[in-house]
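User: I'd like to learn how to read pockets and a single side chain in a model like this. Can you walk me through it?

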Amino acid sequence: MSAMKTTAVKPFELRRNDGDLPAGARALGERLGRVPLATVLAKANRVAVRKGASGAGAFSGMKPRPVDWYCFDDADNAVTDWYPQGLTSSSDAGARGDVFVVSWYFKPQNAPERGIRLSFLDAATLRYRHVLLVTARPDGGIAPIDIHAGGVAWYGDLLYVADTGRGLRVFDTRHIYEVNGDSKTTIGRKGATYNAFGYRYVMPQTGAWAATGDARFSFASVDRTGPVHTLIGGEYVDAPGTPGRVARWPLEPGGPLRADAGGVAAAQDAYVLPEPRIQGALSHGGTWYLSQAAGSTRNGVLIVVGDTVTRRPYPVGPEDLTCVRERGTLWSVTEFARRRAVYGVPL
């Protein structure tokens with residue numbers, strides 16, 4: 001019997017709320033060229049460092065030490081406007097290759113809002129590229145998305161991005177478009193020219209699942225171990241004695257959440273988290289793995305919950321979780337500048 005305690009699933013009910021998002025994505029596709037994800041990876045313009053020094057600095061006091069890790073380039077490691085939060089992988093998606101996807105949110109110091117982005121990292125080539133996530137309107141206009149993007153999960157062709165108070169935003173890896181403008185300071189369409197703050201590729205939101213209850217959405221992951229694969233989402237709560245909750249929703253084979261005829265997706269189950277400040281949660285083979293933060297200077301904790309609860313030292317600033325099943329490893333990403341890495345430990 002798991003040490004995770006069940007709780008009500010009703011607060012985690014989700015309702016499909018696509019609105020004009022599909023129409024906006026179609027309009028963008030009529031004006032810009034669609035680019036396969038394989039091309040984005042093949043034309044990646046940044047180089048990661050395997051077992052780089054910035055990661056090693058983050059792992060002081062960690063046990064067990066990572067079996068592998070990848071560091072961003074110097075600019076992305078040092079930037080203080082962008083913070084990595086979510087992490088998922090091609091293993092979650094059931095796709096070929098060894099690809100990680102990291103979500104970042106913009107925390108401007110002295111700049112206008114630039115939204116959220118995804119980094120697609122090919123571990124085989126050590127190259128990666130940022131793709132800006134946008135909303136697209138039916139008139140062809142685009143705009144940045146101002147959310148925290150605390151978690152991301154990849155299943156089939158779809159990417160689910162956590163939107164704290166609203167639910168889940170959906171993006172489709174089959175809908176990536178190459179912009180034709182070069183401005184690094186503007187976003188939008190002017191005539192036939194599109195700009196996106198200097199990003200070469202944009203991915204428009206194609207759908208949404210709106211929360212109908214009081215649940216919050218701080219992280220996301222995928223469990224592929226049961227007969228029906230599930231999407232996991234839950235709450236970060238920073239209040240002593242007030243842990244958050246986590247829930248799982250059944251997934252359809254192509255990627256969508258399983259919903260009734262009215263477009264309502266009910267959670268399969270929900271649990272009270274054993275401790276507060278949980279930044280990521282993943283279930284695999286009946287065991288739960290939870291990453292717990294402890295601020296910008298202290299090591300976090302990896303909490304492993306099966307029949308009992310065990311705690312392992314984790315890096316400073318641990319975030320979302322993913323599982324690379326082929327390697328038997330659990331992966332996370334650290335968020336703070338000059339200590340950023342995507343890293344894996346044994347399950």
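User: How much space lies in the second largest pocket?

Analyst: Keep in mind that this is a predicted model. The general idea: rolling a probe the size of a water molecule over the atoms shows where empty space is left. Here, about 220 Å³ of space lies in the second largest pocket.

User: Which residues lie nearest the centre of that second largest pocket?

Analyst: Those are D18, L158, V170, T206 and G207, out of 16 lining residues. By class, the lining splits into eight nonpolar, three polar and five charged residues.

User: And which element gives the most to the lining of the second largest pocket?

Analyst: That's β18, with four residues. At least two residues each come from α1 (21-31), β13 (158-163), β14 (167-172) and β18 (201-211).

User: What about the largest pocket, how much space lies there?

Analyst: About 340 Å³. Its lining has 18 residues, with R46, R117, H130, F197 and Y199 nearest the centre. Seven of the lining residues are nonpolar, three polar and eight charged. Both α4 (74-78) and β10 (127-136) supply at least two residues of this lining.

User: Which side chain does the side chain of D92 make a polar contact with?

Analyst: The side chain of T322, at 2.6 Å. Beyond neighbours within four places in sequence, the contacts of D92 include W154, Y155, V222 and R224, as well as C323 and R325.

Methods:
Residues numbered from 1 in each chain as written. Predicted model: local features only at pLDDT ≥ 70, side-chain atom pairs only at ≥ 80, totals over all residues. Heavy atoms only, no water. Polar contact = N/O pair within 3.5 Å; in protein donor to acceptor, adjacent residues only side chain to side chain. Contact = heavy atoms within 4.5 Å. 1 Å grid on protein atoms, 1.4 Å probe; cavity = no way out; pocket = protein on both sides within 12 Å on 5 of 7 lines; lining within 4 Å. Points joined across faces, edges and corners; volume = space filled by probe spheres on them. Nonpolar A, V, L, I, M, F, W, Y, C, P; charged D, E, K, R; others polar.
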